[in-house]
Amino acid sequence: MKKLFLILALCTCTTANAALITYSYDHTISNRYEMHDALGLFTVDDQREGLVSVLFASQPATFSWEGYAPLMYDEVVATESQLYENGFESFTANNVTFDLWLDLFWLDAGENIFHHLDKAAPYEGALLAVDGNPYWLGGSLNKVRTVEVPEPSALALLSLGLLGFALK
């Protein structure tokens, strides 16, 4: 009976597939008339192949957004080493419209774009528009190092295994 319970528990514990990767932005945004320091955090999901959250703070616009903006590019993993132009679909948060374009992006064959957004050159098309006034992003993204934390299902499996040994 104990073994049946453990097998049933193993079958119901599923693991999450999403790999969330966060990038930071700590450069300026500007237009013809003004320049402002800006800070941002961009989180992408390499399983869903899109942008899933943004936290952004600057003089003209501070906002947070959660949703899904797919990558507008049909080859997530490079098949050959070359330059790629790609970006995410626009999204709107309050009075801000945001376009994140990754121009002149070099990938080596086999590299996944979501794991290398920090290789993008300074942007040509990345901008946010506040009430219709555009501000271009002037720098690149930096990958944020994260600590691997065991998934709850992995911890549940470990606990069940230890419980099984204790009950035996």
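This is a predicted model: local features need pLDDT of at least 70, side-chain atom pairs count only at pLDDT 80 or more; totals for chains, interfaces and linings use all residues.

Student: How many aromatic pairs are found in the whole structure?
Tutor: The search of the whole structure gives nine aromatic pairs. One of them joins Phe91 and Phe98, with 5.5 Å from centre to centre and 25° between the planes.

Student: Is that pair stacked or edge-to-face?
Tutor: The pair of Phe91 and Phe98 is stacked, because planes under 30 degrees apart count as stacked.

Student: Which residues do the ring pairs link into a cluster?
Tutor: The cluster consists of Tyr25, Phe42, Phe56, Phe63, Trp65, Phe91 and Phe98.

Student: What about the nonpolar core? Which residues touch the most other members?
Tutor: The largest nonpolar core has 38 residues, and Phe56, Phe88 and Leu128 touch the most other members. In general, nonpolar side chains in soluble globular proteins tend to be buried together.

Student: Which residues does Phe56 touch?
Tutor: Leaving aside residues up to four places away in sequence, the contacts of Phe56 include Tyr25, Phe42, Phe63 and Phe98. Leu128 is also among the residues that Phe56 touches, and Leu128 was named above with Phe56 and Phe88 for core contacts.

Student: Changing topic: where is Asp46?
Tutor: Asp46 lies in the loop between strand E3 (35–45) and strand E4 (50–58). Asp46 is buried but has no salt bridge.

Student: Which side chain of opposite charge is nearest to Asp46?
Tutor: That is Lys143, at 8.7 Å.

Student: Then which side chains make polar contacts with Asp46?
Tutor: The side chain of Asp46 has a polar contact of 2.7 Å with that of His115 and one of 3.4 Å with that of Gln47. Leaving aside residues up to four places away in sequence, Asp46 touches Ala19, Ile21, Asn112, Phe114 and His115.

Student: How many salt bridges does the structure hold?
Tutor: The structure holds one salt bridge. The side chains of Glu111 and Lys119 meet in it, at 2.8 Å from N to O.

Student: Are Glu111 and Lys119 buried or partly exposed?
Tutor: Glu111 is buried because its relative accessibility is 15%, whereas Lys119 is partly exposed at 34%.

Student: Back to the loop between E3 and E4: what is the phi of Glu49?
Tutor: Glu49, which is found in that loop, has a positive phi of about 60° although it is not a glycine. At 36% relative accessibility, Glu49 is partly exposed.

Student: And what is the phi of Asp131?
Tutor: Asp131 is not a glycine either, and its phi is positive, at about 50°. Asp131 sits in the loop between strand E10 (127–130) and strand E11 (133–137). Asp131 counts as exposed because its relative accessible area is 58%.

Key
Residues are numbered from 1 along each chain as its sequence is written. Side-chain values use heavy atoms; hydrogens and water are left out. Rings of Phe, Tyr and Trp (its six-membered ring) pair if their centres lie within 6.5 Å; planes under 30 degrees apart count as stacked, over 60 as edge-to-face and the rest as tilted. Helices (H or I, at least four residues) and strands (E, at least two) are DSSP runs, numbered from the N terminus. Buried means under 20% relative accessible area, exposed over 50%, partly exposed in between (1.4 Å probe, protein chains only). Lys and Arg count as positive and Asp and Glu as negative; His and the chain ends are not counted. A salt bridge is a side-chain nitrogen of Lys or Arg within 4 Å of a carboxyl oxygen of Asp or Glu. A polar contact is a pair of N or O atoms within 3.5 Å; within protein, one must be able to donate a hydrogen and the other to accept it, and residues adjacent in sequence count only if both atoms are side-chain atoms. Contact means heavy atoms within 4.5 Å. A nonpolar core is a set of buried Ala, Val, Leu, Ile, Met, Phe, Trp, Tyr and Cys residues joined through side-chain atoms within 4.5 Å.
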